[in-house]
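Subject: Structure handover

Hello,

Here is the structure for your files. My notes on it follow below.

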Amino acid sequence: MSRLMHTLHVDLGERAYPVYIGRDLLSDPALLAQHVAGSQVVIVSNEVVAPLYVDRVKAGLGKRQLVTEVVLPDGEQYKTLDTLSMIFDRVMADRHSRNTTFVAVGGGVVGDVTGFAAACYQRGVNFIQVPTTLLAQVDSSVGGKTGVNHPLGKNMVGAFYQPQAVLIDIDTLHTLPARELSAGLAEVVKYGLIGDEPFYRWLQEHMPRLLAREEAALAEAIERSCANKAAVVAADEREGGLRAILNLGHTFAHAIETGQGYGAWLHGEAVAAGMLLAAELSARRGWITRSEVDDFRELLRGMHLPVHIPKDMSADTFLALMAHDKKVIDGRLRLVLLKAVGEACVVDDASERELRELLESGYAHE
Ligand SMILES: NC(=O)c1ccc[n+]([C@@H]2O[C@H](COP(=O)([O-])OP(=O)(O)OC[C@H]3O[C@@H](n4cnc5c(N)ncnc54)[C@H](O)[C@@H]3O)[C@@H](O)[C@H]2O)c1
Ligand SMILES: [Zn+2]
């Protein structure tokens, strides 16, 4: 039985949209169908997720005149312009009109590529997110960032494009590999650290329930995460300022992901190691305490997430990769640090020396 547990609204004026969270929502015929305007639908998924969930999504759409299924190869290495082209080839061949609706069924890779395809196809068509990884449910499906990677940098080609609706069926998490679940939980913890201390404390207490995939706990964590993200996005949709705090740990993480080759470390794993570096830097500046950093490291360990950067990455490599990051504005590297647990701030005064000391310390490597 379908059971809607929470409905959130991302408050963006005429681009506002609902985020539905619950159990067995894919089988709810009304929920998805009400957001599909016309009679044409493009379902984009990948070879892992499609066999598991696409039939249920199709059933939920009811009868449509034209349904095109695009099944992408699986993996971050396919988050490319070539994949985007492949989607357009299919959609053009099937003659989809401007009135079509793109539905992304999968993790963040499928969601980001499909969202960008929807933003570009005939200059923008309807778009619905059905995220099936925890990371996509709490992060990538909400907020409208879409895009693909370039060989020289992650997410370098893309667009802001908000969906019409996000449908989060927590039952899809039952098939998710444990490593992916932990990676998603890293982003969940991020929301606590940057702006919601009570949530962070709740996560410290309830982490075992989340790792055991207890539904009530998962629904609660997803709802709190999406609410936090929605509030930040509503205040600063296009990252003029505040939205940057969502990048806690990400400047370090992107260096790890680029340095190791896309796909070697999971995004959330790199974010975990990156957030710990940011926490350590915050402690070195006297903003949070040593014991808060230690507690955070223990939390990550309990979640089976990395607490060190890759052994083979030198400080030089790291700094060079960080200099390439999108967060560099006018030659100044912007970093998200913690003024306190539950309060992020953006700094642009981290010196190369401060970063080098951090990256060369026993702290960064094992
Ligand atoms: N747009 C944004 O705001 C934003 C935010 C954060 C991350 N991202 C992007 O999201 C991507 C990472 O997303 P991700 O972690 O979901 O990775 P992913 O999309 O690669 O999915 C992870 C793996 O899980 C599989 N999978 C998905 N759902 C499953 C299910 N229910 N059961 C079994 N297997 C399943 C996928 O096929 C894949 O192998 C990155 O490209 C990152 O840049 C975007
Ligand atoms: Zn992230």
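Y20 stands opposite L167 in strand 9. Strands, like helices, are DSSP runs numbered from the N terminus (E, at least two residues, for strands; H or I, at least four residues, for helices). The model is a predicted one, in which local features need pLDDT of at least 70 and side-chain atom pairs count only at pLDDT 80 or more, while totals for chains, interfaces and linings use all residues. Residues are numbered from 1 along each chain as its sequence is written, chains are lettered from A and ligands numbered from 1 in the order in which they are written, and side-chain values use heavy atoms, with hydrogens and water left out.

Two strands count as paired if DSSP finds at least two bridges between them. Strand 9 also runs parallel to strand 6 (residues 126–131), with two bridges joining them. In that pairing Q129 is opposite V166, and I128 is opposite A165.

Strand 9 covers residues 165–169, and five of its five residues are buried. Buried means under 20% relative accessible area, exposed over 50%, and partly exposed in between (1.4 Å probe, protein chains only). In a regular strand the side chains alternate between the two faces of the sheet. For strand 9, A165, L167 and D169 lie on one side and V166 and I168 on the other, and all are buried.

Strand 6 is mostly covered as well, with six of its six residues buried. N126, I128 and V130 point one way from strand 6, while F127, Q129 and P131 point the other way. Strand 6 runs parallel to strand 5, with six bridges between them; F102 has F127 as its bridge partner there.

**The sheet and the helices on it**

What is the strand order of the open sheet of seven strands? The order is 1-2-9-6-5-3-4, with mixed pairing. Strand 1 (3–10) and strand 4 (66–72) are the edge strands, each pairing on one side only. On average, neighbouring strands of this sheet are turned by 15° against each other, direction ignored. Axes are lines fitted to C-alpha atoms, for helices over the stretch in contact, and angles run from 0 to 180 degrees between N-to-C directions.

Helix 2 (residues 50–61) packs on the sheet and touches strand 3 (40–46), strand 4, strand 5 (101–106) and strand 9. The direction of helix 2 makes about 165° with that of strand 3. Helix 8 (residues 215–235) lies across strand 1, strand 2 and strand 9, at about 10° to strand 1.

Apart from these pairings, strand 7 (residues 145–150) and strand 8 (residues 153–160) pair in the antiparallel sense over five bridges. Strand 7 and strand 8 form a hairpin with two residues between them, and V148 stands opposite V157.

S45 lies in strand 3 and counts as buried because its relative accessibility is 1%. S45 and L72 are 27 residues apart in sequence, with 6.1 Å between their C-alpha atoms. Not counting residues up to four places away in sequence, S45 touches A50, V54, V70, V71, L72, V105 and V110. Contact here means heavy atoms within 4.5 Å.

The structure holds two cavities of 30 Å³ or more. On a 1 Å grid over the protein atoms alone, a cavity is a set of points where a 1.4 Å probe fits but cannot get out, and lining residues have an atom within 4 Å of a point. Grid points are joined across faces, edges and corners, and a volume is the space filled by probe spheres set on the points. The second largest cavity has about 30 Å³ of space, and its lining consists of N46, L72, P73, D74, G75, Y78, T83, V109 and V110.

**The zinc site**

Which residues coordinate the zinc ion (ligand 2)? The donors are E187 (OE), H250 (NE2) and H267 (NE2), at 2.0 to 2.1 Å. Along the chain they follow the spacing E-x62-H-x16-H. E187 lies in helix 6 (residues 178–195) and H250 in helix 9 (residues 250–260), so the pair ties together parts that are 63 residues apart in sequence. E187 counts as buried because its relative accessibility is 0%, and H250 is buried at a relative accessible area of 5%. Donors are N, O and S atoms within 2.8 Å of the metal (3.2 Å for Na, K and Ca); water is not among the atoms, so sites may look incomplete.

Regards

Methods:
On a 1 Å grid over the protein atoms alone, a cavity is a set of points where a 1.4 Å probe fits but cannot get out, and a pocket is an open set with protein on both sides within 12 Å along at least five of seven lines; lining residues have an atom within 4 Å of a point.
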